[in-house]
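Visitor: I am new to this structure. Could you show it to me and walk me through it?
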Amino acid sequence: MKKLLLTLLCWAAASASLAQNAPQMDLPRIKLSAGMYLIDTQVASTPEQREIGLMFRQQMPQNEGMLFVFGSPAEQCFWMKNTLLPLTAAFVADDGSIVNLEDMKPQTTDSHCSKKPVRYVLEMNQGWFAKKGIKAGTKLGGEPFAK
């Protein structure tokens, strides 16, 4: 019986450890738009979801991203520890306007911050915004910004 209990405890600990090192792929999704481009967006709205973000992802489709949603506008700062993909963060105001864009290198702890308080941050594959001609001042469309 002790051996079985010890085996179960070891298995539970190993499972928890693996879960912490796995990408989160089952977040709610919404559609956003940037001009004529549609973005399939995972939504990270809880502290735990935002903390993991796009960590451990090996790849991400070109028109997919992750929208980080915070309770109220504030200076938001992001880093790339355990994130394997080069990303660009769009810091987005309540009305959907992109405040600033920051390219971020994988697996670094450099801080990338919004230039003013924002409630939303949209991460996309690095270069996606530039290839589409999307810059600071561009308005994103979608449910979070429809007020």
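Guide: Buried means under 20% relative accessible area, exposed over 50%, and partly exposed in between, with a 1.4 Å probe and protein chains only. At 8% relative accessibility, Glu64 counts as buried. This is a predicted model, in which local features need pLDDT of at least 70 and side-chain atom pairs count only at pLDDT 80 or more, while totals for chains, interfaces and linings use all residues. Residues are numbered from 1 along each chain as its sequence is written, and side-chain values use heavy atoms, with hydrogens and water left out.

Visitor: Which residues form a salt bridge with Glu64?
Guide: One is Arg29, with the closest N and O atoms 3.5 Å apart; a salt bridge is a side-chain nitrogen of Lys or Arg within 4 Å of a carboxyl oxygen of Asp or Glu. Arg57 also meets Glu64 in a salt bridge, at 3.1 Å from N to O.

Visitor: Which residues are linked in the network of salt bridges?
Guide: The network links Arg29, Lys31, Asp40, Arg57 and Glu64.

Visitor: And how many salt bridges are in the whole structure?
Guide: A search finds six. One of them joins the side chains of Asp95 and Lys139, at 3.6 Å from N to O.

Visitor: Changing topic, how many helices and strands does the chain have?
Guide: The chain has three helices and nine strands; these are DSSP runs numbered from the N terminus, helices (H or I) of at least four residues and strands (E) of at least two.
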